Amino acid sequence: MRIGYIGLGNMGAAIAGNLLKARHEVTVWNRSAAKARSLVDAGAILAATPKEAASGKGAVITMLADDSALDAVLTGETGLIAGLDKGALHVSMSTISVATAERLTEEHHSRGQRFMCAPVFGRPEAAAAGKLFIVAGGDPADIELADPVFRAAGQRVFAVGKKPSAANLVKLCGNFMILSAIESMAEAMTLAEKGGVQKAQLLEVLTGSLFDAPVFHNYGKTLVDGRFRPAGFAAPLGLKDMRLAGQSAETLRVPMPLLGLLRDHLLQTIAVEGEDIDWSGIGLTIAKNGGL
Ligand code: NAP
């Protein structure tokens, strides 16, 4: 399949690498061109603009930081929209807002282009191993067209309906729950440690009994090790997701009091620790608030 791939950050570079390994013809573009070098060495074609990356391709994938990065890449004379052929598919894998996904659905369809959303669960290591969980929203024919991409990138695809934005709503709900789990583990570990129980021991009991799920195993280990740099998922991106979840909550009139607390802990962590810390670094803030 001839694929255009835009956005070679922590996640994008790993997914694009797997598309190359699966022997697709991949044309890449990234704002900082240097990040494309290793992929070009592995056989990718380098595009000079997003338009060039999209032009003449059956599908073009975007994996960018946020809504404004996606807008920057889509619009203008050299943008993706200007290059995408009629009938070709844009697969948005970034975690973006529901409102932006709805606007882009209209915009692509008005130009005879196809559009779907496929945000993912899994960190950069899972992306590199082709083990992502993909949440797909869009027309079933579009999901089928993108299937070779999903097979190279992930271990399972969940189709959540014809509306592309539904996939982003699911992803935002999921990230809210992941950060809630990190928050509750960090609070419990702080309590245990102040009471003389090692946090590793607490984690062993909990993951060996009632909390035997990847989110508790993986983030629990990060909290025990205190390894928050280099960030696999940077705290400012987590803050963005809490903001986007809050926007949907406001639109849909759903009070989410816990969301406000998570957002503030992320903000406090970024303010004190810096922009480069992983979002699980809220564990540091929680421990300090507890006097550790
Ligand atoms: P990242 O490493 O920070 O990469 C961000 C990408 O967006 C880079 O390619 C960056 O280009 C590009 N970008 C940012 N602003 C731009 C702009 N104004 N114009 C053009 N390009 C711009 O982020 P990531 O961790 O790969 O995350 C990508 C997406 O996946 C995000 O939506 C994130 O929420 C989601 N996600 C991440 C994880 C994770 O664990 N990391 C897991 C699931 C989902 P430069 O290289 O030039 O800066």
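Is Arg253 buried or exposed? In this predicted model, where local features need pLDDT of at least 70, side-chain atom pairs count only at pLDDT 80 or more, and totals for chains, interfaces and linings use all residues, Arg253 is exposed, with a relative accessible area of 70%. Residues are numbered from 1 along each chain as its sequence is written, and side-chain values use heavy atoms, with hydrogens and water left out. Here buried means under 20% relative accessible area, exposed over 50%, and partly exposed in between, with a 1.4 Å probe and protein chains only.

Arg253 also has a backbone feature worth a look. Its phi is near 60 degrees, a positive value in a residue other than glycine, and the residue sits in the loop between H13 and H14. Helices (H or I, at least four residues) and strands (E, at least two) are DSSP runs, numbered from the N terminus. Arg23 likewise has a positive phi, near 70 degrees, and is placed in the loop between helix H1 (10–21) and strand S2 (25–29). Arg23 counts as exposed, at 77% relative accessibility. A cis peptide bond runs from Arg229 to Pro230, with omega near -5 degrees; Pro230 belongs to the loop between H12 and H13. As background, most residues other than glycine have a negative phi, and most peptide bonds are trans.

The interior comes next. A nonpolar core is taken as a set of buried Ala, Val, Leu, Ile, Met, Phe, Trp, Tyr and Cys residues joined through side-chain atoms within 4.5 Å. The largest such core holds 52 residues, and Ile6, Leu179, Ile182, Leu266 and Trp279 have the most contacts inside it. H10 supplies the largest share of this core, eleven residues. Another core lies apart from it, with 34 residues that include Val26, Ala36, Ala59 and Val149. In soluble globular proteins, nonpolar side chains tend to be buried together. With contact meaning heavy atoms within 4.5 Å, Leu179 meets Met242, Leu262, Leu266, Trp279 and Ile282 once neighbours within four places in sequence are left aside.

Rings of Phe, Tyr and Trp (its six-membered ring) pair if their centres lie within 6.5 Å; planes under 30 degrees apart count as stacked, over 60 as edge-to-face and the rest as tilted. The structure holds four aromatic pairs. In one of them, Phe211 and Phe216 have ring centres 5.1 Å apart and planes at 80 degrees, so this pair is edge-to-face. Phe211 counts as partly exposed at 35% relative accessibility, whereas Phe216 is buried, at 17%. The rings of Tyr219 and Trp279 are also edge-to-face, because their centres are 6.3 Å apart and their planes stand at 70 degrees. Tyr219 lies in helix H12 and Trp279 in the loop between helix H14 (257–273) and helix H15 (282–289), so the pair ties together parts that are 60 residues apart in sequence. Tyr219 is buried, with a relative accessible area of 8%, and Trp279 is buried at 1%. Together with Phe233, Tyr219 and Trp279 form one aromatic cluster.

Helix H12 (residues 214–225) also contains Thr222, which counts as buried at 13% relative accessibility. Beyond residues up to four places away in sequence, Thr222 touches Arg227, Phe228 and Ser280.

Elsewhere, Ser92 of strand S5 (residues 89–92) is buried, with a relative accessible area of 0%. Not counting residues up to four places away in sequence, Ser92 touches Thr62, Leu70, Phe115, Met116, Cys117, Ala118 and Pro119. Ala101, in helix H6, is buried with a relative accessible area of 0%. Leaving aside neighbours within four places in sequence, contacts of Ala101 include Phe115 and Cys117, along with Ile96, Ser165 and Asn168. The C-alpha atoms of Ala101 and Pro164 are separated by 6.7 Å, although these residues are 63 apart along the chain.

On a 1 Å grid over the protein atoms alone, a cavity is a set of points where a 1.4 Å probe fits but cannot get out, while a pocket is an open set with protein on both sides within 12 Å along at least five of seven lines; lining residues have an atom within 4 Å of a point. The space in this second largest pocket is about 230 Å³, where grid points are joined across faces, edges and corners and a volume is the space filled by probe spheres set on the points. Of its 13 lining residues, Val98, Ala99, Glu102, Ser248 and Thr251 are the closest to the centre. H13 gives the most to this lining, with four residues.
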